[in-house]
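Please look over the sequence and the model shown here, and then follow the paragraphs below, which lead from a few side chains to the chain as a whole.

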Amino acid sequence: MSLQQDLENRSGNQCELCTATNNLSIYEVKPVSTGGFDGSILACETCITQIENPEEVDANHWRCLNDAMWSQYTPVKVVAWRMLHRLKKEGWPTDLLGMMYMEDDELRYAKESGDHLSESEKIIHRDANGAILQAGDSVVLIKDLKVKGSSMVAKQGTAVRRISLDHENAKYIEGKVGATQIVIITDYVKKMAEKE
């Protein structure tokens with residue numbers, strides 16, 4: 001079976017957030033580690049548009065999270081938690097967050113987006129050209145980098161996919177070069193376009 005069919009079976013052919021039945025597609029919950037069944041949800045066009053464009057959020061649409069937050073599936077809970085945090089200023093999402101229960105690993109996953117932080121608390125990671133980096137992005141090294149504690153040199157032009165961000169230092173990101181997980185300084189990377 002395809003991922004689409006698996007998610008349709010899981011959700012009963014409806015948006016896993018608002019239960020709409022039209023314009024459904026797969027939404028990979030960032031940062032995408034594996035995507036797939038445990039990293040994706042089936043969502044409607046309205047939900048996906050508002051998740052990806054915070055300035056277009058209609059708070060009343062998200063009252064559906066009152067039900068979605070109780071899903072047994074981690075990616076659904078993660079998106080519900082992130083959207084409730086984004087909408088905290090409305091008042092009612094704070095009450096729902098107070099009732100919501102998540103396992104430690106689910107909470108870590110949810111916090112990867114930084115949606116729970118106020119704008120003043122967010123650390124913004126930028127590449128050498130000033131482009132904003134987000135967890136799950138892919139970058140390319142713009143110079144050879146010696147990897148501390150090893151004899152390895154990460155060569156200029158090496159692609160590092162699905163980076164994670166250091167939430168305490170805007171200059172540090174992490175990613176895998178070959179099989180080795182390394183810390184990279186953002187001054188030495190350039191964000192890759194989606195299609196690269």
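**Around one tyrosine ring**

The charged end of Arg 10 sits over the ring of Tyr 73, at 4.6 Å from the ring centre, where "over a ring" requires NZ of Lys or CZ of Arg within 6 Å of the ring centre and within 35 degrees of the ring normal. This is a predicted model, in which local features need pLDDT of at least 70 and side-chain atom pairs count only at pLDDT 80 or more, while totals for chains, interfaces and linings use all residues. Residues are numbered from 1 along each chain as its sequence is written, and side-chain values use heavy atoms, leaving out hydrogens and water.

Which partner does Arg 10 have in a salt bridge? The partner is Glu 16, with the closest N and O atoms 2.8 Å apart; a salt bridge is a side-chain nitrogen of Lys or Arg within 4 Å of a carboxyl oxygen of Asp or Glu. Both Glu 16 and Arg 10 are buried, a word that stands for under 20% relative accessible area, whereas exposed stands for over 50% and partly exposed for what lies in between (1.4 Å probe, protein chains only).

Rings of Phe, Tyr and Trp (its six-membered ring) pair if their centres lie within 6.5 Å, and planes under 30 degrees apart count as stacked, over 60 as edge-to-face and the rest as tilted. By this rule there is 1 aromatic pair. The ring centres of Phe 37 and Tyr 73 are 6.2 Å apart and their planes stand at 85°, so the pair is edge-to-face. Phe 37 lies in the loop between strand S1 (24-28) and strand S2 (40-44), and Tyr 73 in the loop between helix H3 (65-68) and helix H4 (74-86), 36 residues apart; helices (H or I, at least four residues) and strands (E, at least two) are DSSP runs, numbered from the N terminus. Tyr 73, at 26% relative accessibility, counts as partly exposed.

The structure holds 5 salt bridges. Among them is the one between Glu 106 and Lys 77, whose closest N and O atoms are 3.1 Å apart. Since Glu 106 lies in helix H6 (residues 104-111) and Lys 77 in helix H4, the pair ties together parts that are 29 residues apart in sequence. Glu 106 is buried at 7% relative accessibility, and Lys 77 is buried with a relative accessible area of 11%.

Taken as a whole, the protein chain has 6 helices and 12 strands, and buried residues make up 39% of its 196 residues.
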